Amino acid sequence: TGDFGHVLLQEFSFPPDWTNLNQGSYGACPKVVQAARQRFQEDMDSNPEAYFRTNFSGDGRTKFADLVDDARQAVARYLDVDTDTVVLVENASHGINVVLRSMARFLRPDQAVLYFDTAYFMVSKTLRWLGGELEGTPRSSQLQTPLVQVNITDLLPEISRAGVQRMTQAALKANPSVGMCVFSHITSTPGLILPIKELIQDCHEAGAVVLVDGAHVPGQIPVNLTDLDADFYVGNGHKWLFSPKGSAFTYVHPRVQKFVYPSVIDGGPDPTAFTQEFMWQGTFDYSAYIALPDALAWRARLGEERIMAYMKEVAEQGGQHLAARFNTTLMPSNPTERHAMQGALVNVRLPCGLGGEPACPEDLAPRIVRDARTFVPVGEYAGKGRGMWARLSASVYNEVSDFQHYGEAVERVLQQQVVV
């Protein structure tokens with residue numbers, strides 16, 4: 001582990017006084033990948049005609065198209081799928097909307113969409129829009145998709161993989177009209193790995209197609225989309241792959257590609273009708289896409305397995321330190337379940353808001369930013385009345401001492417709360 005931890009901070013752009021414990025929200029891109037992106041931007045602006053229009057390859061394609069396809073091929077290899085099942089989009093939110101708004105045209109009026117209450121807020125909001133339940137949305141015959149919400153928050157904080165699967169199977173049995181399931185592979189808050197392969201199989205057996213929100217997955221845990229056999233899968237590059245912001249992918253299995261269209265209907269020189277439609281989305285800066293292979297090359301230098309093992313180990317050790325320090329618990333507390341459901345995101349209950357503990361200040365997170373120059377998302381992630389939880393990210397540049405730094409800041413802020 002000598003090439004991980006604080007020694008890697010020199011390869012990122014953080015100011016010296018900042019401790020980053022939130023790679024999972026917005027990511028952080030290594031300087032070498034930023035530089036690669038900048039070279040692509042300079043190439044584009046040095047001669048836009050040569051970049052976007054002129055045929056260099058002799059087959060009707062352009063330099064831009066070749067670079068984007070190189071990036072698609074690199075991402076597809078990483079995911080272990082055929083290149084023509086993967087298209088690049090700006091972020092997972094974009095990809096989720098592409099799939100849901102496409103499928104809304106093809107689901108029968110009686111077909112429902114099943115999802116978990118832990119879905120990322122953008123996903124649940126898009127689903128409510130499809131169901132005609134979004135406040136202020138005009139009622140429309142095309143926006144009345146029945147929704148089935150499965151409240152797996154009821155299982156928190158002592159959640160288990162088997163419990164999630166049992167609740168899903170019961171919901172599918174009680175709602176035979178479900179035609180589509182939407183799951184997070186790793187939930188956002190709390191950050192937990194769900195038994196996605198089993199959930200996909202259960203939904204397929206019930207006759208439903210499956211969309212997986214894998215925003216937090218690529219680079220955090222291994223993923224083989226051929227093995228998972230989801231119908232749709234979206235993932236970000238900027239979070240855990242260390243690529244620039246604005247780089248993500250949408251995977252669509254060949255059996256359902258005929259149902260999916262981009263938000264901007266256009267086209268470009270590419271091998272299949274599906275990939276052609278996503279190739280050209282108007283004139284904008286595609287350099288974040290094009291720099292994806294540079295991010296993957298940077299990761300290869302450190303080693304994929306070593307990256308994931310290091311982050312998982314620091315998350316567990318850092319979380320254990322905080323739980324012991326606070327006299328609280330991790331989520332879930334069962335070591336076997338936690339080993340399976342915890343990657344580089346660790347969820348720790350804070351020592352406030354329950355029993356004889358001090359009250360949790362509403363502005364706890366920003367106060368810690370001011371006190372200790374670090375930000376960690378906090379909230380009632382286990383449900384109302386089950387305490388305040390922090391979700392911390394362990395990245396390649398973090399060490400357990402960063403978690404200690406956060407714990408000291410929490411204690412200082414809560415002590416100020418008691419004094420006041």
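Visitor: What is the relative accessible area of Arg306?

Guide: This is a predicted model, in which local features need pLDDT of at least 70, side-chain atom pairs count only at pLDDT 80 or more, and totals for chains, interfaces and linings use all residues. Residues are numbered from 1 along each chain as its sequence is written, and side-chain values use heavy atoms, with hydrogens and water left out. With a 1.4 Å probe and protein chains only, buried means under 20% relative accessible area, exposed over 50%, and partly exposed in between. Arg306 falls in the partly exposed class, its relative accessible area being 39%.

Visitor: How many residues apart in sequence are the parts that Arg306 and Asp3 tie together?

Guide: The side chains of Arg306 and Asp3 meet in a salt bridge, 2.9 Å from N to O; the term requires a side-chain nitrogen of Lys or Arg within 4 Å of a carboxyl oxygen of Asp or Glu. Arg306 belongs to helix α13 (residues 304-326) and Asp3 to the segment before α1 (23-26), so the parts they tie together lie apart in sequence by 303 residues.

Visitor: Which helix holds Lys197, the partner of Asp227?

Guide: The closest N and O atoms of the salt bridge between Asp227 and Lys197 are 3.0 Å apart. Helices are DSSP runs of H or I with at least four residues, strands are runs of E with at least two, and both are numbered from the N terminus. The pair ties together parts 30 residues apart in sequence, because Asp227 lies in helix α9 (residues 225-228) and Lys197 in helix α8 (residues 196-205).

Visitor: Is Arg349 buried or exposed?

Guide: Arg349 forms a salt bridge with Glu357, with the closest N and O atoms 2.8 Å apart. Glu357 is partly exposed at 24% relative accessible area. Arg349 has a relative accessibility of 11%, so this residue counts as buried.

Visitor: How many salt bridges does a search of the whole structure find?

Guide: Side chains of opposite charge can pair when their charged atoms come close. Some of the bridges share partners, and in this way Asp69, Arg72 and Asp84 are joined into one network. Over the whole structure, the number of salt bridges found is 20.

Visitor: Which kind of ring pair do Phe284 and Tyr289 form?

Guide: Rings of Phe, Tyr and Trp (its six-membered ring) pair if their centres lie within 6.5 Å; planes under 30 degrees apart count as stacked, over 60 as edge-to-face and the rest as tilted. The structure holds 22 aromatic pairs. For Phe284 and Tyr289, the ring centres are 6.0 Å apart and the planes stand at 80 degrees, so the pair is edge-to-face.

Visitor: Which Trp is linked with Tyr51 and Phe64 in a cluster of ring pairs?

Guide: Phe284 is partly exposed at 24% relative accessibility, whereas Tyr289 is buried at 5%. Both belong to a cluster linked by ring pairs, which also includes Tyr51, Phe52, Phe64, Tyr286 and Trp280.

Visitor: Which residues have the most contacts inside the largest nonpolar core?

Guide: In soluble globular proteins, nonpolar side chains tend to be buried together. A nonpolar core is a set of buried Ala, Val, Leu, Ile, Met, Phe, Trp, Tyr and Cys residues joined through side-chain atoms within 4.5 Å. The largest one here has 105 residues, and those with the most contacts inside it are Leu392, Val396 and Tyr406.

Visitor: How many residues are in the second, separate core?

Guide: Among the residues of this core are Met103, Tyr115, Val182 and Val260. The second core is separate, and its residues number 27.

Visitor: Which strand holds Cys181?

Guide: Cys181 is joined to Cys203 by a disulfide with an S to S distance of 2.4 Å; a disulfide is a pair of cysteine sulfur atoms within 2.5 Å. The link is left-handed, with -100 degrees about the S-S bond. Cys203 lies in helix α8, and the pair ties together parts 22 residues apart in sequence, because Cys181 lies in strand β4.

Visitor: Is the link of Cys352 and Cys360 left-handed or right-handed?

Guide: The sulfur atoms of Cys352 and Cys360 form a disulfide at 2.0 Å, and both residues are buried. The link has 100 degrees about the S-S bond and is right-handed.
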